[in-house]
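Subject: Structure for you to look at

Hello,

Here is the structure I said I would pass on. Please open it first, then read the notes under it.

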Amino acid sequence: MTHDPNCLFCKIVAGQIPSKKVYEDEDILAFHDIHPWAPVHVLIIPKRHIASMADVTEAEVALLGKMTALGPKLMKELGVTNGFRHVINTGPDGGQEVLHLHLHVMGGPRPWLKG
Ligand code: AMP
Ligand code: ZN
């Protein structure tokens, strides 16, 4: 599925729900998390609807690499200088609430709300 009309993050990709964008290209969108766990907290998502890491195949390896490598660039641009954290939650026991694959990238001075 390319776009799921009931998916929150597909709606963000489509511009139907506003977001504070920090990066966009043909494959990827990055925006600030609405309830940040850390002083800087962005979500990096594929524009195409992929529900979770459990749905990832060989075909998504390059996309995941691109998403992962974008994290450090965004942290630098957003002024994070002392380290950051990449997190992907998968499924109910993994704590995934939004069923559209997203990479959390968090940084900034501690203490943080979570983690
Ligand atoms: P997860 O528990 O890994 O599925 O994380 C979902 C994340 O999406 C949470 O950190 C939420 O704060 C964030 N979130 C939910 N709705 C929005 C939204 N409209 N804009 C930005 N972030 C959101
Ligand atoms: Zn989606």
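**The site of ligand 1**

Helix 1 (8-13) and strand 2 (28-32) each give at least two residues to the shell around ligand 1. Helices (H or I, at least four residues) and strands (E, at least two) are DSSP runs, numbered from the N terminus. Helix 1 has the largest share of this shell, three residues.

The model is predicted, so local features need pLDDT of at least 70 and side-chain atom pairs pLDDT 80 or more, while totals for chains, interfaces and linings use all residues. Residues are numbered from 1 along each chain as its sequence is written, chains are lettered from A and ligands numbered from 1 in the order written, and side-chain values use heavy atoms, without hydrogens and water.

Ligand 1 is surrounded by 17 residues (a heavy atom within 4 Å). Among the closest are Asp 33, Asn 89 and His 104. By class, the shell has eight nonpolar, seven polar and two charged residues; Ala, Val, Leu, Ile, Met, Phe, Trp, Tyr, Cys and Pro count as nonpolar, Asp, Glu, Lys and Arg as charged, and the others, Gly among them, as polar.

- Glu 97: a backbone N or O atom lies 2.6 Å from an oxygen atom of ligand 1.
- His 102: a side-chain N or O atom is 2.8 Å from an oxygen atom of ligand 1.
- Gly 95: a backbone N or O atom is 2.9 Å from an oxygen atom of ligand 1.

Regards

How values were computed. Polar contact = N/O pair within 3.5 Å; in protein donor to acceptor, adjacent residues only side chain to side chain.
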